[in-house]
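Please have the sequence and the model at hand while reading.

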Amino acid sequence: MEILRYVAFSSDPRGGNPAGVVLDATGIDEATMAAVAAEVGYSETAFVVPRPDGALDIRYFSPQTEVPFCGHATIATAVAHASRHGVGRLLLHTQAGTVPVTTSTAPDGSVTATLISVEPRTTDLADADLTELLATLGWSAADLDPALPPQVAYAGAWHPVIAAADRARLADLDYDMPALNALMARRNWTTIALVHRESDTVFHARNAFPPGGVVEDPATGAAAAALGGYLRRNGLVTPPTVLTVHQGVDMGRPSLLTVAIPADPAAGIEVTGTAVPLP
């Protein structure tokens, strides 16, 4: 089995979010995938099985669990695939649904990938869940931005969206990992999308990811897509529009995610980034 290692949402291997990529996992069983992901140790490793029609089946494993969809591992997989087969369009069959991905080469030779999420959804966040979530984070209701209501958003995986009123609150992340992990397991949440809105189109994000066995994800494409759907659903942006999401800065792995929100309320959210191999 050939395991590639890429960093997504950064052109610098010192930034972004590392992902393992297995471009041909044909015949590999689920237990082996889980064991390989645990050995690789990144927040996700993607396992690809080519289909006869040229599409790809893909599964995503963290060191502790399988997730239905992972944005940064999708970007890493698409760029790794382009390095072997050339840029173009791919159709990925994920557990969350089909996800088209397009790769292209920039004038400087770097490769970027754009995924289109499954149709996004949002649901209310129960008051009891919000109270418990804030307690595990060590946040209070006064820390929240009243213009961005707490909700649970989906674009392939579920993420509560919790908006901090100021950047300093977002920078100070020190949570109860076992308690948050237990809450997320009960609610089937993949990460907690903690955000701060700097301007209409610029966001800062942090993503707590205890179910994956890591305190924090440095770049989370699935959560960025969910955020785009949440903003559109709540009328907090005027689509079509493009957001810039900065993530990973506070943990020393700066990442840049570009999020395009179409006007069609049923359309998937586009998330764009680059990826480079790790040395």
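## Basis of the report

The model is predicted, so local features need pLDDT of at least 70 and side-chain atom pairs count only at pLDDT 80 or more, while totals for chains, interfaces and linings use all residues. Residues are numbered from 1 along each chain as its sequence is written, and side-chain values use heavy atoms, with hydrogens and water left out.

## Cavities

Rolling a probe the size of a water molecule over the atoms shows where empty space is left. On a 1 Å grid over the protein atoms alone, a cavity is a set of points where a 1.4 Å probe fits but cannot get out; a pocket is an open set with protein on both sides within 12 Å along at least five of seven lines; lining residues have an atom within 4 Å of a point. Grid points are joined across faces, edges and corners, and a volume is the space filled by probe spheres set on the points. The whole structure holds three cavities of 30 Å³ or more.

The largest cavity has a volume of about 70 Å³. Its lining is made of 14 residues, and those nearest its centre are Glu44, Phe69, Cys70, Thr220 and Ala222. At least two lining residues come from each of helix H2 (71-85) and helix H6 (221-233); helices (H or I, at least four residues) and strands (E, at least two) are DSSP runs, numbered from the N terminus. The lining has five nonpolar, seven polar and two charged residues, where Ala, Val, Leu, Ile, Met, Phe, Trp, Tyr, Cys and Pro count as nonpolar, Asp, Glu, Lys and Arg as charged, and the others, Gly among them, as polar.

The second largest cavity has a volume of about 50 Å³. Residues that line this cavity include Ala193, Val195, Thr220, Leu227 and Gln247. Strand S12 (192-197), strand S13 (202-209), H6 and strand S15 (241-247) each give two or more residues to the lining, and the largest share, three residues, is from H6. Seven residues of this lining are nonpolar, three are polar and none is charged.

## Pockets

The largest pocket holds about 240 Å³. Among its 16 lining residues, Glu66, Pro68, Asn188, Trp189 and Thr190 lie nearest the centre. Helix H5 (177-187) gives the most to this lining, with three residues. By class, ten of the lining residues are nonpolar, five polar and one charged.

The second largest pocket has a volume of about 200 Å³. It is lined by 15 residues, with Leu23, Asp24, Pro50, His81 and His85 closest to its centre. Strand S3 (44-50) and H2 each give two or more residues to this lining, and H2 has the largest share, three residues. The lining of this second pocket has eight nonpolar, three polar and four charged residues.

## Nonpolar cores

A nonpolar core is a set of buried Ala, Val, Leu, Ile, Met, Phe, Trp, Tyr and Cys residues joined through side-chain atoms within 4.5 Å. Buried means under 20% relative accessible area, exposed over 50%, and partly exposed in between (1.4 Å probe, protein chains only). The largest core has 82 residues, of which Tyr60, Ile162, Leu180, Trp189 and Ile192 touch the most other members. H6 gives the most to this core, with eight residues. Another core, of nine residues, lies apart from it and includes Met33, Ala37, Phe47 and Phe61.

## Helix H3

Which residues of helix H3 (residues 127-137) are buried? They are Asp129, Leu130, Leu133, Leu134, Thr136 and Leu137. Seen down the axis of H3, these residues fall within an arc of 160°, so they line one face of the helix; the arc is that of the directions from the helix axis to the C-beta atoms.

The face turned away from the buried side of H3 carries the exposed residues Asp127, Ala128, Thr131 and Ala135. The buried residues of H3 pack against strand S11 (158-163), H5 and S12, contact meaning heavy atoms within 4.5 Å. Gly138, with a positive phi near 75°, follows H3.

## Two loop residues

Thr190 is in the loop between H5 and S12. Thr190 counts as buried because its relative accessibility is 12%. Not counting residues up to four places away in sequence, Thr190 touches Val67, Ala157, Trp158, His159, Met184, Phe209 and Pro211.

Ser110 is in the loop between strand S7 (97-105) and strand S8 (111-116). With a relative accessible area of 25%, Ser110 is partly exposed. Leaving aside neighbours within four places in sequence, Ser110 is in contact with Ser104, Thr105 and Thr274.
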